[in-house]
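Subject: Two-chain model for you to look over

Hello,

Please open the structure below before reading on. My notes follow it.

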Amino acid sequence: MAVTHILLIEDDDGTADEILLELATAGHAATRTATLRDGDPLARGGDIDLMILDRQLPDGEGLALLADLRRDGVRTPALVLSALGSLDDRVRGLKAGGDDYLAKPFALVELVARVEALLRRPNDTRDTRLIAGPIDLDLLAGRGMRAGRPLELLPRELKLLEYLVRRQGRIVTRSMLLQDVWGYSFEPNSNVVDVHMGRLRRKVDIDGEAQLIRNVRGQGYVFDLPA
Amino acid sequence: MRWGGALAAMLVLQSIALAAVFWVLANGSHRRSIEHALADDCTFFALTPGEERPEELREKLTRDIHRDRFLGLFDAQGRLIAGNVGRLPPSVPPGASFVADVAPTELPGKRSDQARITVCAMPDGTRLLAGVDLDDTEEALRLVWRSLLLGLAPGLAMALIFGLVAGRRAARQVDTVRQLTERIIAGDLGERLPVAARPDSFGLLCADINAMLDRLQQLVGEVRGVGDDIAHQIRTPLTRLRARLDRGLRDARTPGDFAAVSDSALADVDVLLGIVGALLRLRELGDHARRSRFAPVELAQLIDDACDLYRPIAEDRGLTLTCAIAPVPVIEGDASLLMEAVTNMIDNAIKYGPPRGVIRVSLGMAGEAIGVSVADEGEGVPPAERPLVTQRFYRARSDVAGVGLGLSLVKAVADLHGAQLRFADQGSAVSLIWPLRTEAPRSA
């Protein structure tokens with residue numbers, strides 16, 4: 001895996017340190033600046049694969065820098081962070097050219113999962129046939145097979161599996177699933193997503209088969225082929 | 001003190017101005033009436049034939065019983081032809097009349113007298129001096145001046161006294177308010193200003209200040225209450241978290257033990273973050289600016305998604321989730337917030353409904369309104385508790401997990417969307433009711 005370089009613009013030292021540690025653990029090199037003034041030239045430098053941008057910085061609003069960069073043709077993917085935890089801000093963040101938006105407080109795994117999702121966006125989402133190891137999904141017909149065995153998936157379960165397969169080897173979090181598969185962004189009070197995933201896993205991985213969908217404790221789920 | 005001085009000075013100035021105006025007017029009016037009489041004399045003698053003039057003049061002087069008139073007819077060389085004035089004044093300034101000393105010829109013991117006079121030319125070249133003795137006039141004006149002074153002195157004194165008293169009183173009232181505000185700044189919100197039974201406008205101001213303080217005290221009380229609630233609600237999971245970590249550090253031996261401890265600690269932290277997040281969202285929902293990004297929402301799709309999301313978890317708990325969806329008009333709203341509200345209602349039904357029961361979610365028209373309703377087979381919220389359940393941190397039953405923010409959030413989302421949160425009279429149904437906007441303007 002090629003080393004990716006991430007620019008983090010975040011003024012709070014504690015938060016920045018945690019994020020840097022977590023990114024390093026996940027194998028990403030990261031540079032941090034605390035102000036827009038310092039971050040601007042780095043963001044335009046060209047050797048940055050992704051930027052993580054706080055909204056409220058001592059010398060201004062992160063979205064303003066982002067809008068400037070986008071206007072000047074800088075297309076580097078951007079993940080916007082904010083303590084203003086509202087959907088309003090989410091919409092504004094995405095409008096200003098952000099590719100994803102996380103409200104503080106967030107779990108670090110959520111951040112890393114979204115960073116990786118942005119770094120490796122699924123390349124062709126229009127494929128109607130997905131094959132990954134023993135899994136064979138026919139999205140047009142709404143059918144799924146594992147090594148010739150029909151999976152009897154409900155439409156929502158097929159979408160969940162498709163989402164996981166397209167992000168093979170990467171952690172997807174519950175809120176990513178809720179947001180991208182169901183289309184609503186909120187924090188449910190119950191473990192509804194886990195119940196859906198449990199059902200999907202029981203259909204995909206039956207006794208005696210290699211486990212393709214794993215639950216990563218406290219983080220989310222990964223679809224992975226056995227080595 | 002400054003107030004009193006200023007007020008007194010103003011009253012004094014006013015008295016002086018009044019007196020001055022009176023003086024000028026009285027003086028001016030007297031002078032005008034004299035000039036009028038002098039002009040009459042000039043006209044009269046100019047119209048009288050030359051040979052009759054001395055006779056007419058003597059006649060006129062005889063009729064002047066007050067003996068305050070001066071008349072003299074002089075020939076071109078300035079010699080007296082007839083009259084009671086010895087000679088013409090040496091020079092005649094321009095203007096209707098002037099004040100000069102004349103030499104009376106018929107006043108016993110008086111060689112000179114001050115008079116307001118005029119000199120006019122007669123058609124035959126002779127000149128007429130007409131004048132009025134100013135002795136009486138001066139006396140009269142002196143009288144006026146004296147009476148003005150007499151009136152002014154007590155007026156000034158009264159003005160000073162009144163100014164000082166009124167100023168003192170105003171200063172005392174302002175001081176009362178200032179002392180009160182100082183005590184309020186020091187933190188005592190319980191103080192109130194005295195208000196008379198029949199208040200003047202300052203009293204009304206005091207009453208308004210008191211009303212403002214009442215409202216302030218109430219708001220501060222509410223904020224303190226919410227703050228206490230939050231502190232209390234957060235202390236419990238924090239205490240548990242601390243105990244868990246403490247015990248974990250003491251007892252855990254293997255990496256597996258530590259992982260278990262940190263897992264449960266993370267779960268506790270998530271609960272805490274959940275409380276904080278829900279409170280932030282409630283505050284945010286109170287800010288109605290959010291409506292600006294409302295979009296059309298298909299409630300049928302939304303309810304279908306909610307049922308789809310919750311059916312597995314209901315089934316896992318032995319409950320049946322049924323959804324009855326009738327077509328309804330599209331509404332303006334925020335789909336994620338509405339989803340959050342509806343799933344909170346379903347969550348409550350799952351938590352509080354009886355085991356192995358049926359949860360009915362329905363969407364449809366209720367008369368002229370759109371209704372979303374969630375019902376389980378239980379008793380529902382007891383009527384006595386209904387006003388309480390939408391308050392933050394109120395929990396109907398302590399044997400069920402949760403932090404007591406669910407229905408507050410449902411209520412806040414409903415308010416934001418112009419919907420009402422209703423509890424059925426019988427049973428457990430909780431509904432969101434949208435009155436359709438089309439029914440409002442009936443005349444259109």
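How many helices and strands does chain A have? Chain A has 8 helices and 13 strands. Chain B has 9 helices and 12 strands. Helices (H or I, at least four residues) and strands (E, at least two) are DSSP runs, numbered from the N terminus.

First, the ground rules. This is a predicted model: local features need pLDDT of at least 70, side-chain atom pairs count only at pLDDT 80 or more, and totals for chains, interfaces and linings use all residues. Residues are numbered from 1 along each chain as its sequence is written, while chains are lettered from A and ligands numbered from 1 in the order in which they are written.

The two chains
Of the 227 residues in chain A, 34% are buried. In chain B, 23% of the 444 residues are buried. Buried means 20 or more other C-beta atoms within 10 Å of the residue's own; exposed means 12 or fewer; partly exposed lies in between; C-beta atoms are placed from the backbone. In chain A, 58% of the contacts between residues at least 6 apart in sequence join residues at least 24 apart. For chain B, the share is 61%. Two residues are in contact if their C-beta atoms, placed from the backbone, lie within 7 Å.

Where the chains meet
The contact takes 21 residues from chain A and 24 residues from chain B. On the chain B side, helix 5 (255–286), helix 6 and helix 7 (335–352) each supply at least two residues. By class, that side has 9 nonpolar, 5 polar and 10 charged residues. Ala, Val, Leu, Ile, Met, Phe, Trp, Tyr, Cys and Pro count as nonpolar, Asp, Glu, Lys and Arg as charged, and the others, Gly among them, as polar.

Helix 8 of chain A
This helix covers residues 192–204. Its 13 residues reach 19 Å from first C-alpha to last, close to the 18 Å expected at 1.5 Å a residue. That expected span is 1.5 Å times one less than the number of residues. Its buried residues are Val192(A), Val193(A), His196(A), Met197(A), Leu200(A) and Val204(A). Seen down the axis of helix 8, they fall within an arc of 130°, so they line one face of the helix. The arc is that of the directions from the helix axis to the C-beta atoms. Their cover includes helix 6 (155–166) and helix 7 (174–182) of chain A, and helix 6 (299–316) of chain B.

Which residues of helix 8 of chain A meet helix 6 of chain B? They are Val192(A), Val195(A), His196(A) and Arg199(A). Their partners are Leu309(B), Tyr310(B), Pro312(B), Ile313(B) and Asp316(B).

Backbone points to check
Ala147(A) is not a glycine, yet its phi is positive, about 50°. Ala147(A) sits in the loop between strand 10 and strand 11 (149–150) of chain A. Ala147(A) is exposed, with 9 other C-beta atoms within 10 Å. Glu152(A) also has a positive phi, near 55°.

Regards
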